[in-house]
Amino acid sequence: MSPTPRTGSVGDARAFVEEYVAAATAADHAPYLALFDDNAVVRDEGRTHRGRTEVRRWRDRVPPVEYDVREVTGTAAACRAVAEVSGAFTGSPVTLHFAFERDARGRITRLEITPTPA
């Protein structure tokens, strides 16, 4: 179960991003999916995935990757992170921007992942 977002410091946002990365790199996808609201919207690589079922399908297609988080800003309820992501995919490593929005229960309601502009 995710912690409830707090209206506070960047430290809260960093703790959430660390939780996200740990779940995203786990072999079992269940903890990752538990971070999302049932009606979450994820935008990645120009595609929109709506609802936990679509998020699960999207996540199942993502190869195993590693994250090197470079920056976190905002609060746990609405934060942004910049991370170098590396793994077995074309163009690895790549620097990506993650924009998160979370509800009062701490679940992700919106996630947008975009590459660093060239």
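Mentor: Let's take the overall layout, then the inside.
Mentor: This is a predicted model, where local features need pLDDT of at least 70, side-chain atom pairs count only at pLDDT 80 or more, and totals for chains, interfaces and linings use all residues. Residues are numbered from 1 along each chain as its sequence is written, and side-chain values use heavy atoms, leaving out hydrogens and water.

Trainee: How many helices and strands are there in the chain?
Mentor: The chain has 3 helices and 6 strands. Both are DSSP runs, numbered from the N terminus: helices are H or I with at least four residues, strands are E with at least two.

Trainee: What pattern does the chain follow along the sequence?
Mentor: It reads α-α-β-β-α-β-β-β-β.

Trainee: And what percentage of the residues count as buried?
Mentor: 36% of the 118 residues. Buried means under 20% relative accessible area, with a 1.4 Å probe and protein chains only.

Trainee: New topic. Which residues line the largest cavity?
Mentor: Val17, Tyr20, Val21, Tyr67, Val69, Ala81, Ala83, Phe98 and Phe100. A cavity is a set of points on a 1 Å grid over the protein atoms alone where a 1.4 Å probe fits but cannot get out; lining residues have an atom within 4 Å of a point.

Trainee: Which elements supply at least two lining residues each?
Mentor: Helix H1 (10-24) and strands E3 (65-74), E4 (78-87) and E5 (94-102). H1 gives the largest share, 3 residues.

Trainee: How much space lies in that largest cavity?
Mentor: About 30 Å³.

Technical notes:
Buried means under 20% relative accessible area, exposed over 50%, partly exposed in between (1.4 Å probe, protein chains only). On a 1 Å grid over the protein atoms alone, a cavity is a set of points where a 1.4 Å probe fits but cannot get out, and a pocket is an open set with protein on both sides within 12 Å along at least five of seven lines; lining residues have an atom within 4 Å of a point. Grid points are joined across faces, edges and corners, and a volume is the space filled by probe spheres set on the points.
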